[in-house]
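The sequence and structure are shown first.

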Amino acid sequence: MSHFSVSFDRRTGTPEAPVRVLALRGELDAHTAPDFEAALQACLDDGDARLVADGSGLDYVSSAGLGVFMAFVEPARDGGGDLKIAALPERVFEVFDLLGFPTVFDMHETVEGAVTSFEGA
Amino acid sequence: MSLGVGAVLGLAVVAAARGAAVTGGAAAGLAAAIGLDVLAVGAAAALYFALAGTGGRTGPLRSLAVPFGLGLGVLVLTLAVGAGFDGYIDPKTGLPDRTLTVVWAAVLGTSEAALGATLLASLRPLALHGRRRSTLLLWATFLGLTVLTALTVAGRPLVVYVPTAMAVFGAASVLAGVALALRQRWISDLARRHRVAAGALALGLSATMVALLYVQFGGPGALPVGDGTGRIPDFPYTAVLSRSLAALVLSVTVFGALYGLATALSLLFGLSTAAAQDQRAGERRALRSLADLSGRVLDRAELAAAIARGPVDARLGDAAWVALTDPSHGNIRPTVVAASGLTLDAATRAADADALYRAAAEADGALVLSHAEADHRVRARPGDGVASLVTLPLGASSIDGPGGLTRGVLLVARTTADAFEPDDLAALETFAGQAALSLSHADLFADALERERLARELSLAREVQKRLFPQSLPEVEGLELAAAERPAREVGGDYYDVVRIGDDCVGVMVADVSGKGTPAAFYMAELKGVFQAGSRLTRSPGELLAGANDALAPSLGRGVFASAVYAVVDAREGTLALARAGHTPAVLVRDRQRPDGGRWLLRGDGLAIGLDRAGATFRKTLREQCVKLAPGDTLLLYTDGLTEARDAQGQEYGYDRLAAFVEQHAHVGALDLRDLLLAEHRAWSGSDEPDDDTTFVLLRWTGRGEPVEPADVSDGPPVTERAAFPADPDLPV
């Protein structure tokens, strides 16, 4: 059973420079990637470009899921923010690592670390 | 209300004039007489309009009871006057015997006018039930003929016979009344428990009207001419007030009698249910034709046309049109795709289908606009034929997914306002439900067709893709090569290629384009071009991959990437140079009998192609690995379908198991090892159909039987940094 959810109710950072945390849960694959895409697009549409994907609840990520990160990192950066990836479980991190994501993306071990890293920017 | 007051004042004026004529002893002149009659008729008409305007919607029982009650009252009053007063008409002058006769005539005439107006205003909602255009026309005709009949005797003295014209118009008026009396559709809406009461009231009304007629014409309530024995018959008191008014009331009274009788008979013999059954039969026909269609016609457009025809054919509406969404083509707003009873253009212009669609979705059911022309969402003007409009959602929102939006709406219009009765709506809702089901079948069928088309397209793409894979592997002395590819679907994103470089070298590439299907096959074809050209330009795997990133990154779609590993093996020198662009690590095994034997995963740094589109980071990150081979060394390049294969418990095959398997069986040679590995993969996943594309290339260097010097790889390309095997710290030993 493939199940996946994105919730982005958390908003931290300062009121002038909010950071939105998207909590990912379950399996991010070709079937569920559009949900994630829609959530990211909604953030950008709201004018929120400082985004943290909290991957602590991810069980699996496929190439389609990885593609969503790739597709949204540039718009986020163009919007003066970034799409950071945080708290990936080891097995999922391995997939990101193999493809070289840590080189291109700002990846953090904890969500707090990812949020804090925005403050210097 | 002022209309009613005016009417009474008008009648008072007429009565005063009649009284004055009696006092003066001479009838009014012809012009004045005609004027008075017209005034009286006008007053009665005004009374009718005043009552019809205030009526609103009343129940059928009330519609029958009110004129019945009032009729009884007038009957009693007429009898009372007839019994207690002995006035008469002078046959010579045609004038009443005294002023008091005129007073009584005025009282009775006004009551009769009120009764007639009330009767018509009360029966109107019943006769006009359903508001068919033809019924409205018939009603207007009846009223017109009645007035005309009345006006034919305007200004005539009481003692002169009626003109032939009155008989003609009167007969026509009665005919129209009969036709109206036969319209008893409202009875089918009547609750069963009200039927007996309605029958009794209708019979009572009819009897009262007949009694009124009898009493006034020659009966105990009539006004005699002369001493009552003359050749000229007695006539109603009302005629003293106005002969035209009397004629008017006569027609209306006859109509009341007829209508009451027809209603009573309908209820008694179930005539109305027969009519209702005709209606039901029409609905059934429409539904059946739709059911037939949904079995045969699975084309959305044809089905939409049938859905639009249904309500018109079943006479549930004068025009109907269908507006559908088409999410598969990105159309979430409904557009009018079929219309019946008006053109597609007119239907599109008639109403804001999108707004109505959303309103109906919100209401979660039919949306009825009784006065459509007054609604802001309806653009039709009066006269365009959209006076009432029902919007029916096609499909229940609960089963049609999120947002409560359905496939579209069926809009049904009538040319008259307030025209949809509860039974019409029930039938339309049933019809719309069936239509939604048919549409859903059609969509499913279209999906199936689309899938079949895609399957054909994919199998074609598969043919093309097959030709992208090498048709044969190069034969190089000292090298054994074997390759396998098992796509999970018809067209996968995996790619491999082997190319001979000079006499002694081969270049081997294994790549995996993210995504599947036709787009992946396109990227694969592009990759093949880059590989075929690049392998001839450079012997450096790192440089080739960097070139591939430069060439492919701009054309890869948003979020699409490819991982690749490229190895160049020199069979003469016994060297391996390898670079990895985000791909699974290559497996290298060496005979454990040798002191330097073991198994390794070659995982040099490198980004997947497409991840860094500018290219600078890609080049900076890429690390090329160079290995001095020993005879018997076996290299495996593969895609993640091999390592990510899951067994029944969901456990992944993994790198360690793969490397161990290759090490254990490497001695059998590349070709046999390929077959063993395929069998192992099948056994692990427990299926002949892999979950993911699985592709691998095996390369075994047997050496050329002579000692070899370490390869000179110092002359590397600027894009890469070389790490000498086995000093790479990443390698597990």
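Tyr495(B) is buried (under 20% relative accessible area, with exposed over 50% and partly exposed in between; 1.4 Å probe, protein chains only), at 0% relative accessibility. The model is predicted: local features need pLDDT of at least 70 and side-chain atom pairs pLDDT 80 or more, whereas totals for chains, interfaces and linings use all residues. Residues are numbered from 1 along each chain as its sequence is written, chains are lettered from A and ligands numbered from 1 in the order written, and side-chain values use heavy atoms, without hydrogens and water.

Over all chains there are 15 aromatic pairs, that is, rings of Phe, Tyr or Trp (its six-membered ring) with centres within 6.5 Å; planes under 30 degrees apart count as stacked, over 60 as edge-to-face and the rest as tilted. In one of them, Phe469(B) and Tyr495(B) are stacked, at 6.5 Å centre to centre and 25° between the planes. Phe469(B) is itself buried, with a relative accessible area of 4%. Phe469(B) also pairs with Tyr496(B): the ring centres are 5.2 Å apart and the planes at 25°, so this pair is stacked. Both Phe469(B) and Tyr496(B) are buried.

In chain A, ring pairs join Phe36(A), Phe69(A), Phe96(A), Phe101(A) and Phe105(A) into a cluster.

Charges also sit over rings (NZ of Lys or CZ of Arg within 6 Å of the ring centre and within 35 degrees of the ring normal).

| Charged residue | Ring | Distance from ring centre |
|---|---|---|
| Lys84(A) | Phe118(A) | 4.4 Å |
| Arg558(B) | Phe72(A) | 4.8 Å |
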